[in-house]
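Visitor: Hey, could you walk me through this model? Here it comes.
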Amino acid sequence: MAKEFKVVGKKVERVDAFERLTGEAKYTSDVYLPGMLYAKILRSPHPHAKVVNITTSKAQALPGVKAILTPADVPDFPIHKRETPPTVVMPVLATTARYAGDEILAVAAVDEETADEAVELIKVEYQPLPFVLDAEDAVKPTAPKLYPEGNAIQEKADITIRGDIDEGFKQADVILEGKYKTHMLQHTTLEPRVTVARWDGKRLTVWDSHKAPFNLRTGLAEALNIKVNQVRVLTHFIGGDFGDKGNLERQHVIAALLAKKTNRPVKLEFTREENYLGAHHRYPTTWYLKYGAKKDGTLTAIQVKLYADSGAYYHFDGAWNSLEIPQKVYRCPNVRLEGWNVFTNKPEGGHMRCVGHPAGMFPQEVHMDRLAEKLGIDPLAFRLKNYARKEDGDQDRKIPFSSCGMEDCVRLAAERFGWESRWRKPGTSEGPVKKGLGVAFQSCRHGSQFGPMSAIIKLDPDGTIELMNGLNDSGGGQKTTMAMIAAEGLGIPYEAVEVTTGDTDSTTDAGGPSGSRGTASVGNAVMAAVRDAKNQLLDAAAELLKKKKEDLEIRDAQIFVKGEGGKSLSYKEVLSRAPSPIIGRGTARPPVNTATHGFGAHFAEVAVDTRTGKVEVLKLIAAHDVGRTISRIGCENQIQGGAVMGIGFGMLERQHVDRQTGICTNPNMVDFKIPSILDVPIVEPIIVESDDPLGPFGAKGVGEPPYGVPAPAIANAIYNAVGVRFSEIPVNIRSVLDGIEKRQG
Amino acid sequence: MDDEKKPSAEEVKEKKGSLKVSRRDFLKGMATSAVAATITALPGPSATEAEAAVPSGIKEAVIALNINNKVYRIKVKSNWTLLDVLRRELDLTGTKKACDHGNCGACTVIVDGKAVYACSLLAISMENKKISTVEGLREGDKLHPIQKAFSEQGGYQCGFCTPGQMMAAKALLDKNQKPTPDEIKMSMAGNLCRCGAYPKIIESVLSASAKIRGGA
């Protein structure tokens with residue numbers, strides 16, 4: 001029987017709808033403080049160069065210039081680092097530029113124009129060095145080195161061996177190899193990175209478009225060598241993060257130092273162009289896949305070699321993250337995965353929605369399609385036969401999944417799509433505009449839980465509550481989701497909850513909404529606070545009613561004496577008479593020895609005009625197992641929005657770097673095209689509820705899983721329409737036409 | 001397959017050359033040529049830039065702007081955009097700056113009935129025009145039917161593009177009370193939403209249209 005909820009799963013208007021829809025919401029870019037200075041950064045025009053000399057005298061003489069920070073003025077603090085050899089450090093300001101756009105120095109002036117002018121007046125002499133842009137070129141012994149130890153790094157986790165790979169290929173009737181590539185792209189949050197810093201005596205206040213304020217607070221305290229409680233971070237409204245805006249970055253330290261130096265507030269706001277250069281990127285990947293299967297479609301061997309292009313610095317082990325896809329989505333006893341993180345003279349790679357998984361989903365899902373065709377099996381049936389089921393779980397740790405709704409996702413989506421009745425063999429569509437159908441699966445750990453998790457609930461005398469929660473709402477509706485969980489838990493109306501986020505002084509650390517962790521992880525902390533508050537309510541009621549606590553129970557926001565029928569006290573009655581304030585404190589820990597995955601399947605229908613190469617996505621059905629829907633609108637928006645962004649990944653977005661100069665040629669929103677309302681179909685979401693036993697009310701997260709699936713589903717649909725395979729994305733008119741031409745020979 | 005075409009040396013040079021024309025230089029040029037005649041130079045720097053020198057070719061003037069039926073008299077420089085004046089000088093920060101190059105639509109406002117990008121208009125050219133921003137949509141605590149529809153249908157996520165989306169929707173609905181989904185798509189194609197809320201934006205505009213026709 002389906003569980004009954006009063007608030008959970010309902011369609012509600014968001015808690016902060018008024019602020020967001022009236023223009024009242026103050027995002028960091030909207031912060032203008034009295035006496036505020038504007039900072040600008042001087043960026044290297046060279047992809048690889050030593051800074052030989054800096055002359056700032058002309059800029060210093062310009063009226064309105066208040067401070068200049070050169071590499072000599074900043075602490076020797078690593079913004080991002082790899083601690084064990086080969087050590088890699090991103091300094092606050094670079095004395096060796098490692099990509100075109102690397103940050104060399106910063107200026108604060110009374111207005112943006114003066115700061116711009118000052119940057120232009122500063123003379124930096126560079127000694128240009130040879131540079132390398134492609135990961136496969138960078139691993140060659142003759143390649144220019146970004147770091148003395150070389151350009152390639154392998155972490156322990158970057159080699160995974162399961163079973164016996166040679167034996168796996170021996171058992172295979174069909175072996176298929178393929179090379180695939182994904183390219184560099186950028187989050188393109190509509191609000192670029194922006195920081196405002198102000199010192200009040202010893203205390204630093206930072207406004208930032210940032211999803212993890214407590215991370216930023218700790219990072220700033222370390223960088224500036226002050227105590228953590230001397231820093232207050234305010235991040236009330238954030239114009240999107242999509243994986244960016246989660247760490248301490250250079251601009252935070254630069255703004256704080258300039259504010260200190262000038263004793264005035266300083267705003268450092270990236271221009272759109274700067275955001276394409278200086279913020280993080282989806283890192284490019286190059287894949288070599290070799291898969292083996294038996295005639296009946298059973299996978300026997302998965303062998304993968306991957307180069308993950310970190311760009312100029314080391315943010316995290318991107319190779320490992322991407323390799324999780326071949327490691328975990330399909331069950332296979334014999335697996336060998338090898339990954340390398342490679343440095344190139346390009347902007348830094350980093351986290352972007354679903355991190356490394358989409359880069360792995362494109363090659364694997366296309367490869368599975370090819371393998372199915374080689375075996376003569378329907379591509380959907382082939383996937384269904386092989387996907388890792390609940391009992392297979394994490395095949396390396398040998399832990400079953402806590403829940404798995406893949407079968408429902410596939411069944412419901414395939415029915416609505418009409419897969420069985422409409423799917424035809426590739427290339428059988430008639431006429432110049434050919435239609436095709438494609439499918440892709442998703443299974444990854446995003447949506448599971450990890451720390452930190454905490455929340456505080458204050459119960460007020462009128463029966464309303466305040467939820468003080470460090471989990472930021474970058475747009476996914478986390479404030480609303482947490483309010484709904486609190487309301488359901490306490491048995492009160494959703495409207496009775498006010499939520500405070502985005503202030504390290506008035507909330508506690510709940511991490512950021514990364515890894516699709518918010519709903520399940522922080523939801524559990526909210527539920528812990530709910531239990532604590534209810535416990536205190538019972539204590540207070542027992543005192544008021546002169547009863548034993550064990551004789552009382554809470555039902556529908558009323559406290560009843562067990563067995564005494566109608567006799568009850570409302571929360572309000574208890575709260576207005578309680579001997580001391582009731583404050584629910586909740587902390588939680590991620591479950592151990594468990595494996596939780598989000599699951600999904602996308603079905604795409606495309607029309608390919610063989611005369612022009614234009615691909616139109618006619619239909620995209622996106623089915624996802626979310627465990628339990630908390631906010632109906634939030635859940636649908638995340639699925640639809642993730643899929644829309646994923647269409648951009650598959651068909652539009654690539655940040656180009658010119659091979660001769662090493663300079664990015666499209667750092668703007670015209671030449672780096674994100675999907676507009678005209679580029680996408682109405683994505684149809686299907687929500688599957690597998691009732692995860694570990695999440696609050698059975699919920700898992702869903703922010704990231706929908707992103708990586710459309711690209712392979714669409715690529716497979718294009719193949720189904722015109723018989724052209726793609727080994728890299730984005731797929732564009734040119735590559736479609738080239739493919740058709742080649743096929744016609 | 002590699003679609004990274006190698007441009008010729010000339011192409012590279014030309015590209016780099018074109019990038020060198022900064023927005024500021026462009027606006028400077030605009031200021032001296034197109035609008036210089038219409039403004040009065042005033043002595044003394046403005047409040048916000050008291051400590052900076054006025055760059056050559058830039059003039060200052062006191063102008064009157066009619067925004068949301070309120071007249072603001074304000075001293076501006078001839079190269080300031082409407083967007084910067086709204087946000088920085090008048091604290092009307094509901095209109096967002098996302099690309100500042102007329103590429104994304106986050107700064108959409110309505111001028112004399114037309115949805116336009118505030119980042120691509122000089123404030124000084126806005127005298128005697130009727131400007132509407134997101135702040136003027138609601139009446140007190142009562143949301144405009146468009147705002148109510150966006151709230152109910154969830155036609156937004158992070159909310160950063162949303163003021164622009166709603167102003168584009170208003171400009172459409174003021175002219176066409178009952179647009180089709182295709183008409184909505186066509187008239188809102190200049191407003192990018194990175195959260196991808198497009199499906200629900202269309203639902204929101206349809207719902208707003210019904211509310212307005214129903215007299216909500």
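Visitor: What pattern does chain B follow, read along the sequence?
Guide: Chain B runs α-α-β-β-α-β-β-β-α-α-α-α, with seven helices and five strands. Helices (H or I, at least four residues) and strands (E, at least two) are DSSP runs, numbered from the N terminus. Mind that this is a predicted model: local features need pLDDT of at least 70, side-chain atom pairs count only at pLDDT 80 or more, and totals for chains, interfaces and linings use all residues. Residues are numbered from 1 along each chain as its sequence is written, and chains are lettered from A and ligands numbered from 1 in the order in which they are written.
Visitor: How much of chain B is buried?
Guide: Buried residues are 48% of its 216; buried takes 20 or more other C-beta atoms within 10 Å of the residue's own, with C-beta atoms placed from the backbone.
Visitor: Switching to chain A, which strands form the open sheet there?
Guide: Four of them, in the order 24-23-22-28 with mixed pairing; two strands pair if DSSP finds at least two bridges between them. Strand 24 (497–500) and strand 28 (582–588) of chain A each have a single partner strand, so one side of each has no neighbour in the sheet.
Visitor: How do strand 22 and strand 28 of chain A pair, parallel or antiparallel?
Guide: Antiparallel, over seven bridges, strand 22 of chain A being residues 453–459. A:Ala455 sits opposite A:Gly586 in strand 28 of chain A.
Visitor: And which strands does helix 15 of chain A touch?
Guide: Helix 15 (residues 518–545) of chain A packs on the sheet against strand 22, strand 23 and strand 28 of chain A. Contact needs C-beta atoms, placed from the backbone, within 7 Å.

Conventions:
Contact = placed C-beta atoms within 7 Å. Axes fitted to C-alpha atoms, helices over the stretch in contact; angles between N-to-C directions. Buried ≥ 20, exposed ≤ 12 C-beta atoms within 10 Å, placed from the backbone.
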